[in-house]
Amino acid sequence: MAQRQSTTAAVRNGIESDTQYGAVVPPLYLSTNYSFDGHKIPREFDYSRSGNPTRSVLANTLAELEQGVSAVITSTGMSAITLITALLDHNDVLVVPHDCYGGSLRLFKHLSSKGHFILNVIDQTDKFAWENAIAAKPALIWLETPSNPLLRVVDIKAVVNKAKTVNALVAVDNTFLSPLLQQPIALGADIVVHSTTKYINGHSDVVGGVVVAAEKELGEQLDWLANTLGLSGGAFDAYLTLRGIRTLPLRMKQHEYNAQCIVERLTAHPQVAKLYYPGLPDHPEHEIAKKQQLGFGGMISFELKGGEASLVTFLETLSFFSVAESLGGVESLLAVPATMTHRSMDDEAQQRAGISPNLIRLSVGIEDAQDLVNDIVTALDAAARYNGVDA
Ligand SMILES: *Cc1c(COP(=O)(O)O)cnc(C)c1O
């Protein structure tokens, strides 16, 4: 096949692959099982937990976009993460960031408390913490960059170099940027994981996950584990996700453009106490983001001034941001991490991760940029009237 860019791969994957009718779009195969061609003559697929033609097109698409060799499509982002932990032995050390996705941290803590592996939770911006973590010869290092919700950025290449000295694998949760804006395998990572629920499907109507492997043997191991543990995704979900991916390049451009328009206005607004966006020159890891990312993405976090009354007024004044968990859909969403996405963390863990009660996370959608900016400014102005009321 001719060399192609990510945008072309996203749009054209599986197109014209149907040999029976010449369907332009790949058909959806819902069948759970496939007949043998004859005695001892299996076909390419036999049973849909182990392999499914529709899921296979999605896996190939995501492996190509992430520059990996193979991919496993799972039922959720969490099952993708569970699959990776199944690589570990009981005496293996797993290093994870203290500010990773709340559900991931809950899973890591649960499995390590049952003796599945040894967990080391560190602040990945702390040089000293890294030295100790590497000295303990970890088997797997977990990165999530940009992180949720404060959009801290970790230097993937630098971590890969540290990991190589002790033969540790590096896995990157790339959910916040999608393969269009960051390709960790090209930076040396061994495994990339996504909650495809977010940008990759992009329409807030499918829950799913993927694990991409950089190397053949690791990919085969992950495939075997997904089938053995029963973590594979459904065919219909794969079909919808594949349809979502066809517009991923266009969507990412608009998400980022809209986010930048909003950031510009938030920077200048007196009701904003702190603003987190990797595209800002004063973001602590701006230079790393510029170097390793192909864009700054559509996620923004900020702290609102004032107390709870200010926060409530802000939320109630907005028209075009739905207060809901999740992210990466075409529609704009807003979350208050302290009481929503990160409520499974206790107060102390939230404080350590820098999550204050007035922190707001925006997943900027692809609506008209000016509509979104006007909406935010109106709500900030309304919130300002409650400054000092209950602070
Ligand atoms: C949502 C999310 C997950 C979990 O994925 P699900 O599809 O909800 O199971 C993991 N990591 C990150 C960064 C996420 O945003």
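With which residue does Asp37 form a salt bridge, and how far apart are the closest N and O atoms? Asp37 forms this salt bridge with Arg43, and the closest N and O atoms are 3.6 Å apart. A salt bridge is defined here as a side-chain nitrogen of Lys or Arg within 4 Å of a carboxyl oxygen of Asp or Glu. Asp37 is exposed, with a relative accessible area of 54%, whereas Arg43 is partly exposed at 44%. For these classes, buried means under 20% relative accessible area, exposed means over 50%, and partly exposed lies in between (1.4 Å probe, protein chains only).

The structure is a predicted model, in which local features need pLDDT of at least 70 and side-chain atom pairs count only at pLDDT 80 or more, while totals for chains, interfaces and linings use all residues. Residues are numbered from 1 along each chain as its sequence is written, and side-chain values use heavy atoms, with hydrogens and water left out.

The chain is divided into domain 1 (6-245) and domain 2 (248-387), with bounds that come from an automatic or database domain assignment. The C-alpha centres of domain 1 and domain 2 are 27 Å apart. In total, 40 residues of domain 1 are in contact with 41 residues of domain 2, where contact means heavy atoms within 4.5 Å.

The size of an interface is often given as the accessible area lost when the parts come together. Domain 1 and domain 2 bury about 3,200 Å² between them, and 62% of this area is on carbon and sulfur atoms. Buried area is the accessible area (1.4 Å probe) that two parts lose on being put together, summed over both. Of the area that domain 1 buries against domain 2, 23% is supplied by Leu150, Leu181 and Tyr199, more than by any other three residues.

Between domain 1 and domain 2 there are 15 residue pairs in polar contact (both at pLDDT 80 or more). A polar contact is a pair of N or O atoms within 3.5 Å; within protein, one must be able to donate a hydrogen and the other to accept it, and residues adjacent in sequence count only if both atoms are side-chain atoms. On the side of domain 1 that touches domain 2, two or more residues are given by each of helix 1 (6-12), helix 4 (102-113), helix 6 (156-164), helix 7 (178-181) and helix 9 (235-245). Helices (H or I, at least four residues) and strands (E, at least two) are DSSP runs, numbered from the N terminus. Helix 7 gives the largest share of this side, four residues. By class, the side of domain 1 that touches domain 2 has 19 nonpolar, 15 polar and six charged residues. Here Ala, Val, Leu, Ile, Met, Phe, Trp, Tyr, Cys and Pro count as nonpolar, Asp, Glu, Lys and Arg as charged, and the others, Gly among them, as polar.

Side chains of opposite charge can pair when their charged atoms come close. The salt-bridge rule gives a count of seven, and one salt bridge is found across the interface of domain 1 and domain 2. Lys291 forms a salt bridge with Asp155, with the closest N and O atoms 3.1 Å apart. This pair links distant parts of the chain, 136 residues apart: Lys291 is in helix 11 (residues 286-292), and Asp155 is in the loop between strand 4 (140-144) and helix 6. Lys291 is exposed at 59% relative accessibility, while Asp155 is buried at 17%.

Helix 11 also holds Lys290 and Glu287, which are three residues apart and so separated by about one helical turn. Lys290 and Glu287 form a salt bridge, with the closest N and O atoms 3.8 Å apart. Glu287 is exposed, with a relative accessible area of 53%. Ala289 lies in helix 11 too but is buried, with a relative accessible area of 0%. Leaving aside neighbours within four places in sequence, Ala289 is in contact with Val153, Pro278 and Phe296.

A further buried residue is His194, at 1% relative accessibility, in strand 6 (residues 191-195). Beyond neighbours within four places in sequence, His194 is in contact with residues including Glu66, Asn174, Ser178 and Val210. Asp371, in helix 14 (residues 369-384), is partly exposed, with a relative accessible area of 37%.
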